[in-house]
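Keep the viewer open as you read.

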Amino acid sequence: AEWYTAPRCLFLRDGVETGYWTSPYFDEGAGNINMVTYSQPIISQNGTFLGVATIDVEVDALCYADQCDVAIDYNYLTNIRPLGLLFSSLAMIVSLLCLGWTQYYRKDKVVVASQPFFLRIICVGCLILSSSIIPLSYDDSIASIQGCSRACMAFPWLLSVGFSTIFAALFSKVWRLNKVMAHAQSASRVKVKIKDVLMPFFVLMGLNLILMTLWTSIAPRVWVRTVPDENYESYGYCQSGKGAKVFLGFIAVVNIAALVLANVQAFRARKISMDFSESFWIGMIMVCILQALVLGIPILIIVDNNIVAEFFLWSGLIFVVSMAVLGMLFLPKMLAVRHRQARSASAITDGTNSSEPPQSVAISSDNIMEDGNRCITGTF
């Protein structure tokens, strides 16, 4: 360490017996503060170096003359934090409402045709994704250095798991429909089991979990705070260890691949009747997310040194993605269910037959999921 080696070398090499001030550093694991150390060599009567006596001084406590009366701006998230938590709360509440709505109307033909199993997964994915704003809002004004360091790693964990859950479910959802319709058009029999359509989900989730575990073990993010500059400003931020960029690159490639594959499956399903697929809405979701990323990522790079602006942009991007997925997948279904119920109520009031004439042949995706022995035959 500098506080020991520097005064020792100065004495042994140059005979310097005066004290030595180290450069400012972060005392991780002990004081967990930014500080400097003053080291005084201890010399015996016969001129032998025995060791050093040290005193640690917190950097914030150092000042000179009128500087001691100047307030330091720590750039805390105090003013912007409520807005980010509001974004997170709204998205989480909407996710839970959509999950409850899916469970309540799970036997309705609109929900059955939309594969309620995957709708639930998407709701959970949006819930996890929107919750990532919570650890992002942490700084050393409301938590310890250790707590902030844990929040630094919790944010990418929740972000990665939430994103991969959403898009793995979207991919599996449309892929399952394409698989059934491909066999139906050829008048062949097909048995679609749950393990067949969940394989892409588990592969994508497994890759993300492996990469995140390696990142956490080898190069975890830790909370650091800069020494106040000439403008008396200090910034706290999450700093990644060596090699973190490699893991970030692999995680980005894996999740971008999920986006591309989901788009491919949605494109293949574009001609399937809307009674069977939300491919149109999935395509619209992809467009919205692409626009948000194209606009948001360059701005995030530009404001990399502005902690407050970076927090606001991340919170906004996560909120937009979560609400776009939930809104475009569930709002059309809710309106369809409500419209059908209104027509049924009107028919009963008028004394007419409330049963609707069949307009098309519908596949019960839930039945395919739950009954592995059931087969789909015939042409559509």
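The numbered points below go from the whole chain to single residues.

1. **The model.** Please bear in mind that this is a predicted model. Every value in this note is computed from it.

2. **The whole chain.** The protein chain has 11 helices and 6 strands. It contains 380 residues, and 41% of them count as buried. The accessible surface is about 20500 Å². Carbon and sulfur atoms make up 62% of that surface.

3. **The core.** The largest nonpolar core has 60 residues. Phe-167, Leu-170, Trp-215, Val-325, Leu-329 and Phe-330 have the most contacts inside it. As background, nonpolar side chains tend to be buried together in soluble globular proteins. Look at Leu-170 next. Beyond its neighbours within four places in sequence, Leu-170 is in contact with Ile-122, Ile-282, Met-286 and Leu-329.

4. **Helix α1, length.** Helix α1 covers residues 2-14, which makes 13 residues. From first C-alpha to last, α1 reaches 17 Å. That is close to the 18 Å expected at 1.5 Å a residue. After α1 comes Gly-15, with a positive phi near 75°.

5. Which residues of α1 are buried? They are Ala-6, Pro-7 and Phe-11. These residues lie on the same side of α1, because they cover an arc of only 125° around the axis. What do the buried residues of α1 pack against? Their partners are β1 (20-21), β3 (34-43) and β4 (49-58). The face of α1 turned away from the buried side carries Leu-12 and Arg-13, which are exposed.

6. **Thr-37.** This residue sits in strand β3. Is Thr-37 buried or exposed? Its relative accessibility is 1%, so Thr-37 counts as buried; the cut-off for buried is under 20%. The side chain of Thr-37 makes a polar contact of 2.8 Å with the side chain of Asp-56. Setting aside neighbours within four places in sequence, Thr-37 is also in contact with other residues, including Trp-3, Tyr-20, Trp-21 and Tyr-25.

7. **Helix α4.** Helix α4 (residues 116-131) has 16 residues. At 1.5 Å a residue, α4 should span 22 Å. Its end C-alpha atoms are 23 Å apart, so the two values agree. Among the buried residues of α4 are Phe-118, Leu-119, Ile-121, Ile-122, Ser-130 and Ser-131. Several of these names return in the next two points.

8. **Ser-88.** Find Ser-88 in helix α2 (residues 81-104). Ser-88 counts as buried because its relative accessibility is 1%. Which residues does Ser-88 touch, not counting those up to four places away in sequence? They are Ser-130, Ser-131, Ile-133 and Ile-134. Ser-130 and Ser-131 are buried residues of α4.

9. **Leu-198.** This residue belongs to helix α7 (residues 194-218). At 8% relative accessibility, Leu-198 also counts as buried. Not counting residues up to four places away in sequence, Leu-198 touches Phe-117 and Phe-118. Phe-118 is one of the buried residues of α4. Leu-198 and Ser-172 are 26 residues apart in sequence, yet their C-alpha atoms are 6.4 Å apart in space.

Key
Residues numbered from 1 in each chain as written. Predicted model: local features only at pLDDT ≥ 70, side-chain atom pairs only at ≥ 80, totals over all residues. Heavy atoms only, no water. Helix = DSSP H or I, 4+ residues; strand = E, 2+ residues; numbered from the N terminus. Expected span 1.5 Å × (residues − 1). Buried < 20%, exposed > 50% of the residue type's maximum accessible area, 1.4 Å probe, protein only. Arc of directions from axis to C-beta. Contact = heavy atoms within 4.5 Å. Polar contact = N/O pair within 3.5 Å; in protein donor to acceptor, adjacent residues only side chain to side chain. Core = buried A, V, L, I, M, F, W, Y, C linked by side-chain atoms within 4.5 Å. Areas by Shrake-Rupley, 256 points an atom, 1.4 Å probe, with all protein chains shown as cover.
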